[in-house]
Amino acid sequence: MKLRKHFRILGIMTLAWMLFWLIGLPGYYQQYSFHFMLLFDILLLIPLSILIYWILKNTPQRHRMRISLWLAFYISIPLFLYDYFYCALYLDHGWSFLSGFWYLSIYYVIPWVVCPAISFWLNRHESKNHATETGC
């Protein structure tokens, strides 16, 4: 990926985090119940997975896994850093923010599973279709 795309994705993810943060005020979602946040995280996974699928579907197969790993990076690492600065440092939760704000923490891991999985599935699906079309 070109440097410009890296900055573009970082900018988009920064704006997404800011919006997510604003919506979660005043307690950064601490005001909601465990069950609500569990449902919220599950429902959030649906549009995120669709977006990842759409991006990777429009990526050439030979670059797809690499791009999926870059997506996982930008969906997790910058957001972790923003959450760390806000929750751990500003709100003074320290590293306990990882468990106290579990609904954020799971999204530091989920992209590293979902992005490569979608890439793998798309590559496999396209390879099967190609083999069927060529009679192999």
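**Figure 1. The largest pocket of the predicted model holds about 990 Å³ of space.** On a 1 Å grid over the protein atoms alone, a pocket is an open set of points where a 1.4 Å probe fits, with protein on both sides within 12 Å along at least five of seven lines. Grid points are joined across faces, edges and corners, and the volume is the space filled by probe spheres set on them. The model is predicted: local features need pLDDT of at least 70, side-chain atom pairs count only at pLDDT 80 or more, and totals for chains, interfaces and linings use all residues. Residues are numbered from 1 along each chain as its sequence is written, and side-chain values use heavy atoms, without hydrogens and water.

**Figure 2. The lining of the largest pocket comprises 33 residues.** A lining residue has an atom within 4 Å of a pocket point. Nearest the centre lie Ile-12, Met-13, Leu-48, Leu-51 and Ile-75. H1, H2, H3 and H5 each give two or more residues to this lining. H1 gives the largest share, 10 residues. Helices are DSSP runs (H or I, at least four residues), numbered from the N terminus. By class, the lining has 26 nonpolar, three polar and four charged residues. Ala, Val, Leu, Ile, Met, Phe, Trp, Tyr, Cys and Pro count as nonpolar, Asp, Glu, Lys and Arg as charged, and the others, Gly among them, as polar.

**Figure 3. Helix H1 has a buried face.** Buried means under 20% relative accessible area, exposed over 50%, partly exposed in between (1.4 Å probe, protein chains only). His-6, Ile-9, Met-13, Trp-17, Phe-20 and Gly-24 are the buried residues of H1. Seen down the helix axis, they fall within an arc of 75°, so they line one face. The arc is that of the directions from the axis to the C-beta atoms. Helices H2 (34–57), H3 (61–90) and H5 (102–105) are among what covers these residues. On the other side of H1, exposed residues include Arg-4, Phe-7 and Leu-15.

**Figure 4. A cis peptide bond joins Leu-25 and Pro-26.** Its omega is about 15°. Pro-26 lies in the loop between H1 and H2. Tyr-28 is found in the loop between H1 and H2 too. Its phi is positive, near 50°. Tyr-28 counts as buried because its relative accessibility is 0%.

**Figure 5. Asp-92 has a positive phi of about 65°.** Asp-92 sits in the loop between H3 and helix H4 (97–100). At 65% relative accessibility, Asp-92 counts as exposed. Most residues other than glycine have a negative phi.

Notes:
Contact means heavy atoms within 4.5 Å.
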